[in-house]
Amino acid sequence: MIDPILKDIKRRMDGAMAAFRNDLAGLRTGRANTSLLESISVEAYGAQMPMKQAGNISVPEARLLSVQVWDVNLVGAVEKAIRESDLGLNPQTEGQVIRVPLPELTEERRKELVKVAGNYAEQARVAVRNVRRDGMERLKKAEKAGDISQDEQRARSEDVQRTTNEHVKDIDDLLAQKQGEIMQV
């Protein structure tokens with residue numbers, strides 16, 4: 001009864017970490033990264049689809065992204081989606097290839113990105129703590145139901161807290177690493 005609870009808690013905390021990593025990947029550092037464009041939605045065939053399903057995204061140079069659009073009819077939609085995203089990018093179309101030069105990051109913009117990364121980290125910490133709270137409640141219910149002893153409940157609660165602390169430390173480490181990347185000139 002208890003091992004499935006602990007496994008579920010760890011799985012959910014790992015999910016929160018994965019979502020945090022994904023959020024951080026979408027933040028610009030000084031270098032071009034394909035994840036910057038992957039999550040942008042493109043209006044195609046009457047539905048929204050991620051950019052990575054509309055074409056091949058590559059990094060031919062350190063400050064340039066390139067999107068090779070698979071369907072010539074989607075070139076305009078892809079260009080429009082990039083232009084209207086909140087990334088402040090100005091795409092240039094050459095046939096079925098869309099080149100997206102990345103402007104130099106200003107000090108002010110770097111500080112804004114660090115704040116955004118901090119907000120992502122706080123959301124991830126809250127998600128991990130919510131999983132901890134849920135797990136603790138499930139352990140208390142199991143104790144009240146007589147499925148586990150009070151000593152077992154305390155021991156498992158310590159395991160849940162230890163797992164929580166590890167995940168929060170990982171979040172803080174990833175945040176510090178990303179902040180270093182963003183502020184690097």
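This is a predicted model: local features need pLDDT of at least 70, side-chain atom pairs count only at pLDDT 80 or more; totals for chains, interfaces and linings use all residues.

Colleague: What makes β1 and β2 paired strands?

Modeller: Two strands pair if DSSP finds at least two bridges between them. Strand β1 (residues 41-44) and strand β2 (residues 47-50) are joined by four bridges and run antiparallel. By the rule of at least two, they therefore pair. They form a hairpin with two residues between them. In the turn, Y45 has a positive phi of about 55 degrees.

Colleague: How many helices and strands does the chain have, and what counts as one?

Modeller: There are five helices and six strands. Helices are DSSP runs of H or I with at least four residues, strands are E runs of at least two, and both are numbered from the N terminus.

Colleague: Which strands are at the edges of the open sheet?

Modeller: Four strands form that sheet in the order β3-β4-β6-β5, with antiparallel pairing. β3 (55-61) and β5 (92-94) are the edge strands, as each pairs on one side only. β5 meets strand β6 (residues 97-101) over three bridges. There, E94 stands opposite V97 in β6.

Colleague: Why is α4 called roughly antiparallel to α5?

Modeller: Helix α4 (residues 107-144) and helix α5 (residues 150-183) pack at about 170 degrees, with axes 10 Å apart. Axes are lines fitted to C-alpha atoms, for helices over the stretch in contact, and angles run from 0 to 180 degrees between N-to-C directions. Under 35 degrees is roughly parallel, over 145 roughly antiparallel, 65 to 115 roughly perpendicular, and the rest oblique. The packing angle therefore makes α4 roughly antiparallel to α5.

Colleague: What is the radius of gyration of the chain?

Modeller: The chain has 22 Å, while a compact globule of 185 residues would be near 16 Å. The radius is taken over C-alpha atoms, and the globule rule is 2.2 Å times the number of residues to the power 0.38. The C-alpha trace spans about 70 × 40 × 20 Å along its principal axes.

Colleague: Where is confidence lowest, and where highest?

Modeller: pLDDT is the predictor's confidence in each residue, from 0 to 100. The chain averages 86, and 95% of the residues score at least 70. Helix α2 (residues 35-38) is lowest, at a mean of 78, and α5 is highest, at 91.

Notes:
Residues are numbered from 1 along each chain as its sequence is written. Side-chain values use heavy atoms; hydrogens and water are left out.
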